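Subject: Handover of a structural model

Dear colleague,

Please find below the structure that I am passing on to you. My notes on what was found in it follow directly after.

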Amino acid sequence: MSDEKEKEKKEEGGVKKPRDLRQEVTDKLVEALDKGEIPWNKPWESLELGMPRNMVSGREYTGANSLILMLEQRDRGHKDPRYGTFKQINELGGKVTRGEKGIPVEFWGKEPFYQRRDTSIKYLDRAYKVFSEDRDVVHIGGFKDSTSTLAICPRELKVHHQDKVLTWDEAHKTLDRITARTYVVFNVEQCTDLEKLPPLILPDYKIPTNERAERIMAAMQKDSLGFAEHPEHAFYSPKRDEVSLPPRQSFKTVEGYYGTALHEIGHATGAAQRLNREGITGGHRFGSEGYAKEELRAEIFSAFMAVQTGIPHDMTQHQAYVKNWSEVLKKDKHEIFRAAAEAGKAVDYVLAKERDLQIDHTRESTVTMENAQVDQVSSEKQKVADPSQRTGPTNNTVTFKVEQERQHPVLDVPKENMPDLPRIPVRHNRNLER
Ligand SMILES: [Zn+2]
């Protein structure tokens, strides 16, 4: 958090200095790295019940919040992956057990212009307080009212900001802000009496991990990623847009093979025509800082994917980067947040491609015979298994436009540090590609 923001908070009446979550998380990771440990190694061992999620909505936490909670859950030995704020726990009828310490996470939200103190909203030249807005109606009332007393069409309202008078839509476009706040959450196991707690939905591990991995590989191949065999090394070549893997039989376990394949797919998501990640497009040399940063993203990607799919990946083979990581994290407290947010986007990208493949198959099977789906899956599998049949790289240069909708000014964190809150489902971008 920048000094400016801290000052702003103090001026708002908060006497306590806000805690610096980013610095705290960074310090903790650096401490582990300096001991030669990889903090995000084997997260799945404590997350058999799935990714950390909210106890009320069931929604999984994203980016760095997901990483923070994954690591805390392992360290504290909680089995249940559900978390909630103090308020949510109360609403579920529960209490936090005495002496239990919560975990701070970051939340990003949109602050609509009418919540800004430098803006006033007028209807027929009189100022009103805005309580809420729906599609075509704004609920307003007097400043002393506890609920809205008038429902007005937004076109009837004028927004006064500094010397300007704006329409409702203009104000949304230019004056809305994205704000970050730190919240403290508690694990279900730190609470009692959660009578209204919704049931935990277990992750879908029914699909055998090998099949799942093959499906993901097929989906990425459909996204024109090539697969080839190399006698010794596993790597991703941005130039050929191709993942090379040593022969399957050279791996000690089948999971080892798929875990490595997934890790390289993680790198491939950074290609210009996919998520356009600087770690891949920047042409960094082995041993450089840029290279270590990309490796950090791919590792967190592997950790997230392992929890999502059950396909593990052994991080200890990346021991060589530990010192580099410690250095890049020490330099910039935003780095781990950026890395986790980008890794989260890579996971979303791959899972969306996997879903698309399923949808395509479903469509095909409805127009042809029922067997079409099975044939398609098995032929896709064959293509993956046989590198000679791989499709070559394409010249598709359409860049991903996920960032485009983020035109709101950010208060205190540089744009590239923003997590992925206003996330557009990756699927929708297929339209852009066509
Ligand atoms: Zn790698």
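In this predicted model, an open sheet is formed by four strands in the order β1-β2-β11-β4, with mixed pairing. Its edge strands are β1 (53–54) and β4 (103–111), each of which pairs on one side only. Strand β1 runs parallel to strand β2 (residues 82–85), and two bridges join them. Within that pair, R53 stands opposite R82 of β2. Helix α3 (residues 63–76) packs on this sheet and touches β2, β4 and β11 (177–187). The direction of α3 makes about 165° with that of β4.

The six-stranded sheet

A further open sheet has six strands, in the order β8-β7-β6-β5-β9-β10, and its pairing is antiparallel. At its edges stand β8 (150–152) and β10 (164–166); each has a single partner strand, so one side of each is left without a neighbour in the sheet. From one strand to the next, the twist averages 45°.

Several of the strand pairs can be described individually. Strand β9 (residues 157–161) pairs with β10 in the antiparallel sense over three bridges, and H160 has V165 in β10 as its bridge partner. Helix α5 (residues 168–175) packs on the sheet, where it touches β5 (119–123), β9 and β10. The direction of α5 makes about 35° with that of β9.

Strands β5 and β6 (residues 126–133) are likewise described by an antiparallel pairing over three bridges, in which Y123 stands opposite R126 of β6. These two strands form a hairpin with two residues between them, and L124 in the turn has a positive phi of about 50°. Strand β6 also pairs in the antiparallel sense with strand β7 (residues 138–141), over four bridges. Here K129 has G141 in β7 as its bridge partner, and the hairpin that joins β6 to β7 passes through four residues.

Helix packing

Two packed helices are described by the angle between their axes and the distance between the axes.

For helix α6 (residues 209–222) and helix α7 (residues 254–268), the axes come within 10 Å and cross at roughly 30°. With that angle, α6 is roughly parallel to α7, and the crossing is left-handed. On the α6 side the contact comprises T209, N210, A213, I216, M217 and M220, which meet V254, E255, Y258, A261, L262, I265 and A268 in α7. By class, the α6 and α7 contact has 10 nonpolar, two polar and one charged residues.

Helix α10 (residues 322–331) takes part in the other two pairs. Its axis and that of helix α9 (residues 289–309) come within 9 Å and cross at roughly 95°, which makes α9 roughly perpendicular to α10. In this contact E289, A292, K293 and L296 of α9 meet N324, W325 and V328 of α10. The residues divide into four nonpolar, one polar and two charged.

The axes of helix α2 (residues 21–34) and α10 also come within 9 Å, crossing at roughly 155°. That angle makes α2 roughly antiparallel to α10, and the crossing of the two is left-handed. From α2, the residues T26, L29, V30, L33 and D34 meet V322, W325, S326, L329 and K330 in α10. The contact of α2 with α10 divides into six nonpolar, two polar and two charged residues.

Confidence of the prediction

The protein chain has a mean pLDDT of 80, and 78% of its residues reach 70 or more.

Yours sincerely

Technical notes. Residues are numbered from 1 along each chain as its sequence is written. This is a predicted model: local features need pLDDT of at least 70, side-chain atom pairs count only at pLDDT 80 or more; totals for chains, interfaces and linings use all residues. Axes are lines fitted to C-alpha atoms, for helices over the stretch in contact, and angles run from 0 to 180 degrees between N-to-C directions. Angles under 35 degrees count as roughly parallel, over 145 as roughly antiparallel, 65 to 115 as roughly perpendicular and the rest as oblique. A crossing is left-handed if the near helix is turned anticlockwise from the far one by less than a right angle, and right-handed if clockwise. Two residues are in contact if their C-beta atoms, placed from the backbone, lie within 7 Å. Ala, Val, Leu, Ile, Met, Phe, Trp, Tyr, Cys and Pro count as nonpolar, Asp, Glu, Lys and Arg as charged, and the others, Gly among them, as polar. pLDDT is the predictor's confidence in each residue, from 0 to 100. Two strands pair if DSSP finds at least two bridges between them.
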